[in-house]
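Okay, thanks for coming, everyone. I'd like to walk you through one model today, so let me put it on the screen.

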Amino acid sequence: MGGFVNFRCSYCKYEERDIGVGHGKSEFPFLALFRCDHCKSIGSTWVYQDRIPMCSICYHEEVRIVGPQTRTINCPRCGEPATLTPGDREWE
Ligand SMILES: [Zn+2]
Ligand SMILES: [Zn+2]
């Protein structure tokens, strides 16, 4: 079952809301949170068993996949620690 996370940096005010993450009915593909240092964004991308995950915004291939339990992450825009908050909705 998938969920949503909200990203918020209190330093530069960069914010992304309702980022979909997690598994649907099968193990692969699943939506993973990523930080892209190329276009300086946070988002989620589909992870396939046999493919390199890409940034869903700029399609750069060197994204940093962030684990589902992660609650703090350095902001891609300003580099300061920012928070990830789980949303209260779910998807299947
Ligand atoms: Zn920031
Ligand atoms: Zn990118």
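Let's start with a detail: in which loop is lysine 40 found? Lysine 40 sits in the loop between S3 and S4. Phi there is near 55°, a positive value in a residue other than glycine. Lysine 40 is partly exposed, because 15 other C-beta atoms lie within 10 Å; in our terms, buried means 20 or more other C-beta atoms within 10 Å of the residue's own, exposed means 12 or fewer, and partly exposed is in between, with C-beta atoms placed from the backbone.

Before I go on, some housekeeping. This is a predicted model, where local features need pLDDT of at least 70 and side-chain atom pairs count only at pLDDT 80 or more, while totals for chains, interfaces and linings use all residues. Residues are numbered from 1 along each chain as its sequence is written, and chains are lettered from A and ligands numbered from 1 in the order in which they are written.

Now the overall picture. The protein chain has seven strands and zero helices; those are DSSP runs numbered from the N terminus, with helices being H or I of at least four residues and strands E of at least two. The radius of gyration is 13 Å, close to the 12 Å that the globule rule gives for 92 residues, so the chain is as compact as a globular protein of that length. That radius is taken over C-alpha atoms, and the rule is 2.2 Å times the number of residues to the power 0.38. The C-alpha trace spans about 40 × 30 × 20 Å along its principal axes, and buried residues make up 21% of the 92.

S3 pairs antiparallel with S4 over seven bridges, and pairing means DSSP finds at least two bridges between the strands. Phenylalanine 30, for one, has valine 47 in S4 as its bridge partner. The two strands form a hairpin with four residues between them, and that's the turn holding our lysine 40.

S2, residues 15-23, also pairs with S3 in the antiparallel sense, over two bridges. Glycine 22 stands opposite leucine 31 there, and a six-residue hairpin joins S2 to S3. In that loop you'll find proline 29, joined to phenylalanine 28 by a cis peptide bond with omega about -10°. S3 also has three bridges to S5, residues 64-66, again antiparallel, with leucine 33 partnered by valine 66.

What about the largest nonpolar core? It has 14 residues, and Val5, Phe7 and Phe34 touch the most other members. By core I mean a set of buried Ala, Val, Leu, Ile, Met, Phe, Trp, Tyr and Cys residues joined through C-beta atoms within 7 Å. S3 gives the largest share, four residues. Valine 5 touches, among others, Ile19, Leu33 and Leu84, not counting residues up to four places away in sequence.

Over in S4, serine 44 counts as buried because it has 23 C-beta neighbours inside 10 Å. Serine 44 and valine 21 are 23 residues apart in sequence, yet 6.4 Å apart in space, C-alpha to C-alpha.

Last one: tyrosine 59, in the loop between S4 and S5. Tyrosine 59 has a positive phi too, about 65°, although it is not a glycine. Its 12 C-beta neighbours inside 10 Å make tyrosine 59 exposed.

Note on methods: Two residues are in contact if their C-beta atoms, placed from the backbone, lie within 7 Å.
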